[in-house]
Amino acid sequence: MEQDHWDVMICGQNPSVGILNYDIMARFRRRTCIILLLFILFICSIMMALKTLRPDRAGFGDPFGLGLLPELQQRTVLLDSKQNSLNRAQGDTVTRVSNLHSIAVNTMKASLSPVKKLEEELSSPNYNFHIFYYTWYGNPQFDGKYIHWNHPLLPHWDPKIANNYPKGRHTPPEDIGANFYPELGSYSSKDPTVIEAHMKQMRSASTGVIVLSWYPPGMADENGEPTDDLVPVVLDYAQKYNLKVTFHIEPYKDRDDRSMYHNVKYIIDKYGSHPAFYRHKTSTGRLLPMFYVYDSYVTIPEIWANLLTVSGSQSIRNTPYDALFIALLVEERHKHDIHRSGFDGMYTYFATNGFSYGSSHHNWAGLKAFCDSNNLMFIPSVGPGYIDTSIRPWNNHNTRNRVNGKYYETAFSAALLVRPEIISITSFNEWHEGTQIEKAVPKRTGQVVYLDYKPHKPNVYLELTQKWSEKYRKEQEQWLM
């Protein structure tokens, strides 16, 4: 019987044979389609993965990248591409700065679409948040030598105490005059990628006005070199990030009423027409430039009154160069001198709660009340901490620990309590005194272990600034209601 069954099947007489063959072919086609589909999906996945390894616009034809590549990659590309041209122009500082300005301008013109994208990604600027900024740093690639990173160890004024501490200078790039180490390394303030990175960081922190440390042309601090040639580049990059720039007039040699008039005129004539030049809207509706005057107390009130009062012999009032002049308050008695001098307001600068009368948070309410009663602006200065033992090894007692950001937030909280019109931040990049909010990274060398922002990320103080900028903006709206 089994033999008959096989004979019938072989002869093709079994009616189920066609159905069986159809099922086998259908399964084969189905399996083939699934395998083919999986293969296509695999190829697509590989292609997408490869695409993500390269930016949409790598900008390889652009020597600076200008935000299209990560900041550190931009810096490496620029240093490599600029080294040969700088060697050819070693002796001509003015030409080098001019070239950098031209390159920066041309590069920015080529990156307008990324700027629009940045505007969408970054926090909106708060023009009532002013931040102190320094352009006095230099390195061999851009300046032929290190500037400021090789800061000397400053001796104590008492020789007996000074003898107990080391002397000499720092030796960059591993050993710099700071207790923290910048993410950008021992950079040059002339490096356009550094300026760009700084502007991006300050904008991400929701600050709005850069208070630029300034000396007159040809002048500098005792450890630096003239930086006025950099102002046009700073203004251009500030404009790109919708930031404004005002000036922090440093205590240059022979600063008095006459030289101040001359220098204010110089600044306004040369930079006042730039879109990024800051003007503050007063309560009377006037738009006036603003100048912070560091160490203003060094000059006697009578000299300032010549410049800053209507009846002064060198009066700048009601002229095309009239402005808001903000004096530094250190001691309590300075508030009366500031008022008598004709200043328009006061700021406290130091990020050391308890160091001076002005920098002590518990005095801010009294200072604000004094300013309100005398038609003056009170601009408290907040900072993330303070440590300058890398350049003043004997100054440990003035160190203010950051406490993982809590010190900074406490300062902001104290500032908001007095409802100021403007808050200033000390600082973006004063690395020598450890007040910077610029990105810092862990670093250890043979002799030095630098402080860092751990357990937080390098941008933690930028994020905290942005947080308090938004909080301040909201509270300010309620004050005005």
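**Figure 1. Lining of the largest pocket in the predicted model.** In this predicted model, the largest pocket is lined by 33 residues, and those lying nearest its centre are T282, S283, N375, M377 and E421. The volume of the largest pocket is about 860 Å³. Four secondary-structure elements, namely β4 (279-281), α13 (364-373), β8 (377-379) and α15 (460-479), each supply at least two residues of this lining. Divided by class, the lining of the largest pocket holds 15 nonpolar, nine polar and nine charged residues.

**Figure 2. Surroundings of the second largest pocket.** The second largest pocket, with a volume of about 440 Å³, is lined by 20 residues, of which W136, D221, R392, E430 and E433 lie nearest its centre. Its lining comprises eight nonpolar, five polar and seven charged residues.

**Figure 3. The largest cavity.** A search of the whole structure finds two cavities of 30 Å³ or more, and the largest cavity has a volume of about 70 Å³. The residues lining the largest cavity are Y134, T135, W136, S213, Y215, A220, D221, E225 and T227, which by class are four nonpolar, three polar and two charged residues. Among them, W136 and D221 line the largest cavity, and W136 and D221 are also among the residues that lie nearest the centre of the second largest pocket.

**Figure 4. The second largest cavity.** The second largest cavity has a volume of about 40 Å³, and its lining is made up of F350, A351, T352, N353, S359, H361, W364, S381, V382, G383, Y407 and A411. Both β9 (381-382) and α14 (406-417) supply at least two residues each to this lining. By class, the lining of the second largest cavity has six nonpolar and six polar residues, with no charged residues.

Figure 5. Buried residues in α10 include D257, S259, M260, N263, V264, I267, I268 and Y271. Because these residues cover an arc of only 160 degrees around the axis, they lie on the same side of α10. An α-helix has 3.6 residues a turn, so residues three or four places apart point the same way. On the other side of α10, R258 and H262 are exposed. The N-terminal end of α10 is capped by D256, a side-chain oxygen of which lies 3.2 Å from the backbone nitrogen of R258.

Notes: Residues are numbered from 1 along each chain as its sequence is written. This is a predicted model: local features need pLDDT of at least 70, side-chain atom pairs count only at pLDDT 80 or more; totals for chains, interfaces and linings use all residues. Side-chain values use heavy atoms; hydrogens and water are left out. On a 1 Å grid over the protein atoms alone, a cavity is a set of points where a 1.4 Å probe fits but cannot get out, and a pocket is an open set with protein on both sides within 12 Å along at least five of seven lines; lining residues have an atom within 4 Å of a point. Grid points are joined across faces, edges and corners, and a volume is the space filled by probe spheres set on the points. Ala, Val, Leu, Ile, Met, Phe, Trp, Tyr, Cys and Pro count as nonpolar, Asp, Glu, Lys and Arg as charged, and the others, Gly among them, as polar. Buried means under 20% relative accessible area, exposed over 50%, partly exposed in between (1.4 Å probe, protein chains only). The arc is that of the directions from the helix axis to the C-beta atoms. A polar contact is a pair of N or O atoms within 3.5 Å; within protein, one must be able to donate a hydrogen and the other to accept it, and residues adjacent in sequence count only if both atoms are side-chain atoms.
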